[in-house]
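Hello,

Here is the structure we talked about, ready for you to open. My notes on it follow below.

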Amino acid sequence: MAPTLAIVLTVLAPLALAAALLALPPPWARRLCMLGPLATSAVGLFMWTRLGSGPRRALLLEVAPQLKVNVSVLFDRHAVFFLVLVGLVGLAVFQYARAYFGDKASRGFWALMLAFMAAMSGLVVSDNLVLLYLFWELTTVTSSLLIAGDGSSSDARRGAVQAFLVTEVGGLCLLAGIVLLGQVAGTLEISQLVERGEDLSDDPRIAAPLALMLVGALAKSAQFPFHFWLPGAMAAPTPVSAYLHSATMVQAGLVLVARLLPALGRSPLWMPLLATVGLTTFVVAGWSALRSWDLKRVLAHSTAAYLGLVTAYYGYIGASGLHDDLMLVANHALYKSALFLLVGWIEKVTGTRDLRTLTPERWVQHVPVGAALFAVGVLAMAGAPLLLGFVSKETFLQALLEEERGPTRWIAAAAATLGSGLALGYALKFGNVFFGREPPPLDRGHPRHEVSRWLVVVPALLLVPQLLFGAAPRPLAQALEPGTYVPEGPAVWHGADLLMGLSLAGYLLGAVFFLAWQPIARAGRLSSLEDLAAALAKRSLAAASWASRAVQAGGSSRHLALVGLAAASAAVGLALAVAGAGRPALFPGGDRPLAWIPSLLIFAGAGGALLLRDRASKAVTLGMAGFGVAVFYALFRAPDLVLTQVLVESLSLVLLLLAFRKLPPLEPEPGPAAAKVRRAVVGVTLGGLAAALVLGASGAPAAEPAGRLQLARSLPEGHGHNAVNVILVDFRGADTLGEITVLVIAALGALVLLGRSGGAEAGTGKPRSRILEKVATGLLPAELVFALYLLARGHDAPGGGFIAGLVVSLAFVLSAIALGAVVVRRRLHQPARGALAAGLLVAACAPGLALLWGRPFFTHLRLPGSPVLSTTFLFDLGVFAVVVATASVFVSALARGEP
Amino acid sequence: MIVLAAACAGALVGAGVYLLLSPDLQRVVLGFLLLSNGVNLTVLSCARPPPGASAPIVGAGPPPSVDPLPQAFLLTAIVIGLGASAFLLALAVRASRRGADGEGGGPARER
């Protein structure tokens, strides 16, 4: 399978599906959402079978080669493994969630889950680190939204904010690290970094980027000192926790570590940092798990603890290269998500997940199957023999004993033993929930909740590998990483060596912890990091609201003044820089007395707009200033701009007059005199700066005009004489596409504001003047033909889509005046909305036609032998349609309800 | 000419900003129109056409031609300015309608 197809199926298709779900009725969303994880698992498994031919890298899109940013993917063993994990656990969790929520989950929930899954898939297969960062942030955002749920619970909101802040701080560190790494290494492609592994690890400059990136990874994986956000995120619904907080999102940090390991694992920073942080988390989070009463919080702490173990393992194998880590990851993802799902089931059955309520009650004979499954998961968590969890723990201890040297060896071994003991302790406490003495509420006459069978079946499926491979881990280890050494049998007994001793010591400690956990949990609190984080989250929100109060309060004039002053200070800097570049030559080209004409128009226009009382007069003087500007454009040799400016001024004058008829009369300017003075000061400052900018620029040494190249390439490459039009439709066509999109959005906004409510159709639509009517309707065909002529010739002479569109708009406005707005509105309204969409569609598709021939977007195709027919023309046609439709929408919206 | 252009740009920007800062929405729209003209004029004046240059149309006049790039930018800027001010007008009409109907302006009253 081509990497492109794989990306389409695992990233783009789920994202598209997520968007589509929002538009479908909720039952459909519930059914269709399964397609996402199905596609991801299928693609992942298929790619897994093709791994034999080596890793496959694909450069899908060169975004900014000079910044080393590309859309490139790498399908190697690790990427495909995590892809399969995301897909399969996704499949399980989605199915579970369907049963768990019934029809209570909203479309938004399914869409978010799909978007999160797509982001995760993209993250694990990214080759370019910037691409990886983008997906990284997408998981941060979607997961915070999933934690927040519908926002009705304050706990959930707090958890979401905390998770977002912590992972976001980490994300920013990661970004800084990536940027620095790009400077040092000269590439951001993981595959190329791996090829250059040797020389990078020895480079002393690698320390800062490496440390920053690892901070990002550790924050994401809830490692010390960031371990507190994960329990806070437990306010999320159980399926979300099972997916995000056991199998996928928290493992994103490990994905990054595994990706970096071949390139940077030999760096002197690697092992000490990861081993210290990992082991600290293993102990600290284990202790917190032992002290928690809420089953989900226990699981959250234990997740952080186990991820600490994997982190430390990655630290130890840094020098020798990747091996066996996938087994550790798979083990955790499977049993932990199963346990999360089982806790969801317990909560449904018993109505609580608080150990204080649960522990005394005797549930075991009511739910034997669930209890048995629970026991398997709990034993895996404890690392009991004959299960995969045991193999993982042994693998880790072995790596620790091999790599640690000197005095730290014993500290690390002690920490690992303590951590394993804690794991056994909280696992036993966890498994004890079914075995109390008191009868459960069932026997006291409370009816049992109806619970779907899937709530047990799904975790059962997830736990199968524990039993299957716990006894014989070799097939799994060989499948995950061929050539790795794992003992044949369960290897419970491998001689009375140090490993055995550590394991036994761990079990002993675990028994003690289990017996003593209730007093430990009731003892005073030690950890205050969580409080600190909560305070931090609260403070940051307070700071944000202070900042918005300071900047945003006080109405639009205050905002604008602030923006203006900020712009002014930027402009002062710019003007100083320009002035410093050369002494202004004040009178270049002073041979144009013609310039007095537009200047007088502009001065009079600006003054009139300020001073005149009547708003219609204001509008007319405004138009005067606009025509003055058009004359300046003519003096500056810009024929296209002259045409555009004249047409736009006429059109905006009409729109102003139309709107004035529906607005209350203009009052004398409100507000105290002091406010007016302040506004005048801001106005004079900014006006003076604009003038200074022009003068300064005129004195600056002539730089190479940016557009000279475009001018030279206009005819040979753009096949047009009019360089302005060639730039608009060809060289910078994507800009134009964006700009007409803005127009469409503005038109849609006007439709929403004025199109729907109020303003009943009134009036008879009788024309006011017979002569005007005849002229307007008689001229319309001629005007349309003229516009088409402008459109067709625009590539070679002044004209083009914008100008032709404005001509047609003016023709429609003329008819509106002649026939009455109602008639025009009746005829224009529907077609205008259609043209709005059609125009944008044509403009977006025309430059895309080249893709069918394997050429880049915006490579224009021409019909040979025809002077006009080409995708350039099609694109311009789209622009034309959008301009006409936008203007028509505005005219008909503003004229609504007029006689 | 450039001094006059600078003075005009300054006048348009200054008057535009003054009106834009007004609390009255109709004046804001007028100010926006003035300001966009002023900024457009500023940009084009800064592009410094060489004396005696011809329009940026290949073969239409003797070289040198003026720089076509600022013109392309401005062309779309002018049209977008129209779109934005028309949207502002729609907003002003909507705001005044709500005020006139005595709806109190709460979004809760929206359909």
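To start with a term: a patch is made of residues with over 30% relative accessible area and no salt bridge, where like charges are joined within 9 Å and nonpolar side chains (Val, Leu, Ile, Met, Phe, Trp, Tyr) within 5 Å. Accessible areas come from the Shrake-Rupley method with a 1.4 Å probe, and for residues only the protein chains shown count as cover. A salt bridge is a side-chain nitrogen of Lys or Arg within 4 Å of a carboxyl oxygen of Asp or Glu.

This is a predicted model, in which local features need pLDDT of at least 70 and side-chain atom pairs count only at pLDDT 80 or more, while totals for chains, interfaces and linings use all residues. Residues are numbered from 1 along each chain as its sequence is written, chains are lettered from A and ligands numbered from 1 in the order in which they are written, and side-chain values use heavy atoms, with hydrogens and water left out.

**The surface of chain A**

A:Leu5, A:Val8, A:Leu9, A:Leu12, A:Leu15 and A:Leu138 make a nonpolar surface patch of about 430 Å². Helix α1 of chain A (residues 3-21) gives the largest share of that patch, five residues; helices (H or I, at least four residues) and strands (E, at least two) are DSSP runs, numbered from the N terminus.

**Where the chains meet**

Chain A brings 101 residues to the contact and chain B 72, contact meaning heavy atoms within 4.5 Å. About 7,900 Å² is buried between them, and carbon and sulfur atoms give 78% of this (buried area is the accessible area, 1.4 Å probe, that two parts lose on being put together, summed over both). B:Met1, B:Tyr18 and B:Leu21 supply 10% of the area that chain B buries against chain A, more than any other three residues. How many salt bridges are there between chain B and chain A? The count is zero. On the side of chain B that touches chain A, α1 (2-20), α2 (25-46) and α3 (68-101) each supply at least two residues, and α3(B) gives the largest share, 23 residues.

**Within chain A**

Over all chains, the salt bridges come to nine. One pairs A:Asp127 with A:Arg57, their closest N and O atoms being 2.4 Å apart. A:Asp127 sits in the loop between α5 (107-125) and α6 (129-148) of chain A and A:Arg57 in strand β1 (residues 56-64), so the pair ties together parts 70 residues apart in sequence.

Two backbone details: the peptide bond from A:Phe224 to A:Pro225 is cis, and A:Lys68 has a positive phi of about 65° although it is not a glycine.

Best wishes
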